[in-house]
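Let's take a friendly walk through a protein model. Have the sequence and the 3D view open, and we'll start where two chains meet.

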Amino acid sequence: MVKHKGSIFKRFKRAVMAHWELYLLFIPIAVWYIIFCYVPMGGIVIAFKDFKILKGIWDSPWVGFQNFEKFMSSTAFLATLKNTIIISGMNLLFVFPAPIIFALLLNEIRNPFAKRFIQTVSYLPHFISWAIAGGLVYMLLSPSTGPINAVIRFFGGSSVNFMSESRFFRWIVTLSSMWKGLGWGAIVYLAAITGVDEEMYEAARVDGAGRLRRIWSITLPSISNVIVIMLILQVGSILNVSFDQIFTLLNDAVLGVGETIEYYIYRVGLSSANNYSLGAAVGLFKSVIGFVLIMATNAISKRVSEGGGIW
Amino acid sequence: MKKRMIAMLLACILAVSTTACGREESSADNKTSDSPSSSSSSEAVSDVNDESEEPLDPITVSMFLVSGRFENEDSDPTKQYILAELGIDMDVTLSIDNWEQKYSLLVSSQNIPSISYITPSVFYEYAEQGAYADLTDLIRNYPNIVKYISENEAMWSRVSVDGKIYGIPSLNTAGKWNITYRQDWLENLGLSIPETMEEFTEVMRAFTEDDPDGNGVKDTYGFGNWDGNTLGMFYGMFGGASEYYHLNGDTIEIGSISEGYKNALMYYKELYDKGYVDPESLTQKSEQFWQKLAQGKVGSWVGWWSQYHAAYQDYGFGETQPDGSLVLGGAVKGPSGMSGMIASDPVTNVVAISYNAENIDRILEFIDWQLSDIGYRVMRYGVEGEYFTMNGGQLDYFYRYDSDMKTVSGKVVDGDTEVFMMFNRTDIYPEQLLGDTQVQVMAYEGYSTARDNVLLTNEFQGLTSEVFQNKMPDITKYVDEMRIRFILGNESFDNWDSYAAEYIRLGGLEVAESLLVEYNETYDKNATLAEY
Amino acid sequence: MKSTVKKSLPDKLFMAINSLLMLCIVAVMLYPFWYICVGSVSSIGHIFKGGFLVWPDGFSTTAYEHVLSNSRIPRAFFNSIFITVVGTLISMILTTIGAYVLSKPYLPGRTGMTMFVVITMLFSGGLIPFYLTVNWLGLIDTIWSLIIPSAISTYNMIVMRNFFMAVPRSLEESAQIDGARHFRTLLQIYLPLSKAVIATVTLFYAVGYWNSFFNAIIFLNKPDYQPIQVILREILLMSRTDILQAQDMSKNVPTETVKMALVVVTVAPIATIYPFLQKYFVKGVMIGSVKG
């Protein structure tokens with residue numbers, strides 16, 4: 001036992017001595033994290049307290065899991081949880097792959113000017129805030145003046161008020177997210193693609209592989225580790241759907257299917273001074289779920305490919 | 001590490017220098033200020049300062065206002081004036097974007113502003129926790145404040161917790177809504193402004209089916225709106241509004257499940273089904289509505305009083321409908337002769353003083369001055385003699401309706417002088433709307449029509465309880481969702497009883513009962529709830 | 001280098017379809033923006049007429065005058081530029097160093113360190129403790145409160161770390177044999193080979209700082225250091241009817257054209273910077289193949 005302990009100490013000392021430079025370099029970063037992330041993290045206790053803003057964090061009374069019971073027993077909360085998971089799920093299924101595919105296809109464009117132009121244009125929507133983008137969506141889907149309904153009417157159908165029908169709402173959210181995030185999301189993948197070795201393409205070309213084949217066998221595998229990392233990070237934030245987007249697009253007719261946790265917090269006033277602890281409890285709940293999911297996804301990705309995963 | 005040391009060092013230097021700067025600045029200004037209208041200003045000072053003729057010691061007062069405005073070169077003279085005449089150095093934070101969170105952070109860091117100008121609900125949250133100074137005994141010493149509130153003693157109960165007064169309500173008129181019609185359409189069809197339900201239905205029909213704009217195309221709707229905008233006038237026709245509580249004789253009814261509300265929805269649905277109402281009214285946002293109005297597709301709408309002139313000023317109605325004109329109507333009467341526009345909360349905001357503020361007496365003096373005739377005008381219009389002039393008690397000139405936005409002295413006004421306003425004097429306010437420009441005329445008309453409308457009031461306005469805060473959000477969501485379902489026909493009115501039952505199951509009755517307790521306590525009454 | 005193998009039919013088909021697809025994407029991405037640009041110099045009536053906007057009905061810059069005449073704008077612009085430039089610099093330095101350290105698979109405790117930073121992406125104490133910490137450091141109402149508390153984005157650091165991990169070990173070893181310390185290795189070997197990810201993360205940070213407003217709202221009480229987004233958001237907020245009603249403001253209501261001008265003013269700086277960064281999206285690794 002003593003031998004084991006001494007060995008750990010010695011190993012530790014040896015490690016530090018061997019890589020002292022790296023540890024030293026990391027110190028300012030670690031300090032930043034401690035000050036701005038871990039010190040405030042102590043505030044998580046608010047979720048277990050009846051937080052009175054004037055009393056402060058430490059003097060507010062402890063209530064254990066009462067806050068969690070409160071929101072978890074609320075049927076409204078469960079409904080919003082379901083909405084959030086479904087919308088996030090659709091995000092993962094449809095919005096996540098889109099920038100990847102776009103990056104792969106864009107990479108095949110030969111003309112460098114066209115490539116640059118397309119890429120620049122593609123990320124412009126990212127900069128249009130939801131307050132305005134939402135307005136564009138309304139205009140597009142308007143039953144009276146919108147182009148989509150104009151096309152429908154042209155083919156003999158009657159106008160559909162897309163924004164007021166429950167069955168369309170989540171799709172509207174997903175498609176608008178795709179439109180807004182396609183170009184910007186592709187940036188990381190395009191950067192990764194630049195790291196693929198030209199020689200491999202040449203070899204494949206000589207072997208007679210067509211473009212599609214080359215994309216599938218060379219480009220895609222080469223950026224697979226980036227994809228996996230992005231996927232893990234995305235899964236970790238599965239309970240985060242953009243509040244601004246929902247706030248702009250949601251209306252009373254589709255509350256049932258569109259209200260997310262964030263919107264619920266806003267509508268119910270959980271972020272107000274009186275309900276701060278409830279809001280903190282919901283936040284902690286979201287964090288734990290995200291953490292579990294990241295661990296799970298990470299473990300799976302490690303099993304699937306060696307060296308995969310975040311840590 | 002180094003950065004943190006530097007940051008802390010910088011912080012220390014900054015902290016020291018600002019306090020020193022602040023003190024020097026205010027004393028220097030006290031000596032060098034030169035407001036041109038020194039005669040009238042000294043009158044104001046003597047109002048406040050009684051016999052003392054010495055300049056007051058300047059004090060710095062931190063202020064937090066919920067406002068989309070910002071300090072600019074045209075609000076600076078007001079600031080200087082207040083410093084010179086009242087010795088108050090206003091240290092103002094104006095916030096509107098995420099202001100509730102910002103305010104909560106200030107409180108949490110023990111930096112409660114000396115004066116807070118915030119919404120009643122937020123005020124109440126903090127007042128309950130003891131954030132504000134008890135003004136109960138002090139208030140009576142300030143004549144303007146007392147006079148301001150005296151018409152409505154009940155208002156004091158809105159700012160009290162456990163019988164103690166913690167704030168001063170900032171009041172406004174309760175009548176803020178109007179119905180506006182396309183006047184040219186009425187004329188084209190030979191109709192007059194509808195007063196009864198039958199007349200209104202006929203106007204709606206005619207607007208939709210009789211081609212009021214004479215373009216040969218059936219592209220118009222009688223009535224338009226946007227999501228979340230109250231069906232206020234319709235509620236008034238039947239005496240029942242969602243989320244309101246109505247006094248019916250001796251008992252109080254829950255609006256959301258009342259017969260009146262049901263009838264209002266049924267009538268609206270009737271108009272909707274017949275196609276007289278723009279079907280997008282329930283889901284579109286206000287931008288889409290203004291677009292439709294500008295395109296000449298909508299014949300009437302219920303809106304805030306300022307939207308009457310805003311249609312011209314901000315939404316391009318004059319441009320896009322050069323031959324069109326608008327006219328205001330009164331609240332349409334329902335089958336039993338009832339009518340009313342939804343009443344807004346007369347308490348728009350509350351002014352509170354932090355519990356640990358220094359110089360509370362000076363602060364109250366400042367507030368008292370703001371409520372005086374001259375104080376109100378300076379806070380709203382700017383320094384007298386520069387930005388406005390009076391003529392024997394009548395507003396003689398006010399830059400805002402000068403077409404070139406010029407001050408009395410000819411300086412062009414770029415900014416806004418109302419930045420620090422916290423109180424409205426509803427008796428004086430209309431004077432600024434009197435004038436000859438189209439916008440002024442419409443503004444005055446809109447304001448006075450809305451103010452004088454019959455109102456449908458909420459008996460439990462502004463009251464809150466723990467049950468209310470816990471259960472109301474989900475109840476409201478249910479009510480909002482069901483309203484749409486009833487109107488669209490997704491839910492039949494035959495199932496109204498199960499809707500009401502669900503409302504009660506969600507806690508609607510509990511909420512009403514808890515609010516009733518508050519109501520009786522606050523207003524010293526003995527009301528009871530209707531049978532449910 | 002010209003290909004010596006002839007393009008086959010499936011390839012030609014693929015290229016054709018790809019080009020068509022790209023054209024559609026450009027149309028879908030570009031048109032809304034074109035609509036906004038055109039709208040920003042048109043009259044309200046023109047926009048409200050509805051339908052597709054292709055060309056303004058008479059050039060008018062009133063919307064831009066309205067936005068830019070706000071007396072706080074010049075100062076805010078300067079603030080934003082300062083925050084973006086200095087912030088990106090500080091962020092890039094910290095992130096690059098952190099990513100470099102975390103990319104060394106042989107570093108003992110690396111897993112723990114990685115967990116240490118990733119956990120912060122998930123768990124947070126909330127706004128009040130964060131604010132109290134910044135307050136305790138005395139950063140309230142300083143321009144540094146807009147930079148330092150958000151200096152490191154774990155997301156960006158992980159992305160960069162992964163790119164660094166792809167740099168072949170052999171390069172590092174040969175540098176060490178030459179006697180280079182870690183810092184020099186980082187500077188002379190890793191950075192030149194990682195131009196693409198450096199450009200990417202720089203862009204992410206720069207855009208992040210340029211678009212940031214929330215920190216400014218909560219940490220600044222005085223308008224001196226307000227960045228431009230805060231002001232643009234306030235202008236936009238004044239177009240919301242429910243807010244307008246509460247504010248009773250009869251001046252400065254932003255119209256549709258003004259809202260569109262806001263978008264253009266926000267996007268223009270970024271759209272002009274990006275082409276400069278694009279040239280760094282070039283081949284980084286010349287030697288050997290890149291494995292996952």
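Which side chain meets A:Arg267 in a salt bridge? The partner is B:Asp474, with 3.7 Å from N to O. Keep in mind that this is a predicted model.

On the chain A side, several helices each supply at least two of the touching residues, among them α2 (20-41) and α15 (261-268). Sort that side by class and you get 15 nonpolar, twelve polar and four charged residues.

How big is the contact? The size of an interface is often given as the accessible area lost when the parts come together. Here chain A and chain B bury about 2,800 Å², and carbon and sulfur atoms give 54% of that. A:Ile53, A:Leu54 and A:Asp252 supply 25% of the area that chain A buries against chain B, more than any other three residues. As for head count, 31 residues come from chain A and 33 from chain B.

Now for a few single residues:

| Residue | Relative accessible area | Class |
|---|---|---|
| B:Ser95 | 4% | buried |
| A:Cys37 | 16% | buried |
| C:Cys37 | 27% | partly exposed |

B:Ser95 sits in strand β2 (residues 88-95) of chain B. Beyond its neighbours within four places in sequence, B:Ser95 is in contact with residues including B:Phe64 and B:Lys102. And the cysteines? The structure holds zero disulfides over all chains.

Conventions:
Residues are numbered from 1 along each chain as its sequence is written. Chains are lettered from A and ligands numbered from 1 in the order in which they are written. This is a predicted model: local features need pLDDT of at least 70, side-chain atom pairs count only at pLDDT 80 or more; totals for chains, interfaces and linings use all residues. Side-chain values use heavy atoms; hydrogens and water are left out. Helices (H or I, at least four residues) and strands (E, at least two) are DSSP runs, numbered from the N terminus. Buried means under 20% relative accessible area, exposed over 50%, partly exposed in between (1.4 Å probe, protein chains only). Contact means heavy atoms within 4.5 Å. A disulfide is a pair of cysteine sulfur atoms within 2.5 Å. Buried area is the accessible area (1.4 Å probe) that two parts lose on being put together, summed over both. A salt bridge is a side-chain nitrogen of Lys or Arg within 4 Å of a carboxyl oxygen of Asp or Glu. Ala, Val, Leu, Ile, Met, Phe, Trp, Tyr, Cys and Pro count as nonpolar, Asp, Glu, Lys and Arg as charged, and the others, Gly among them, as polar.
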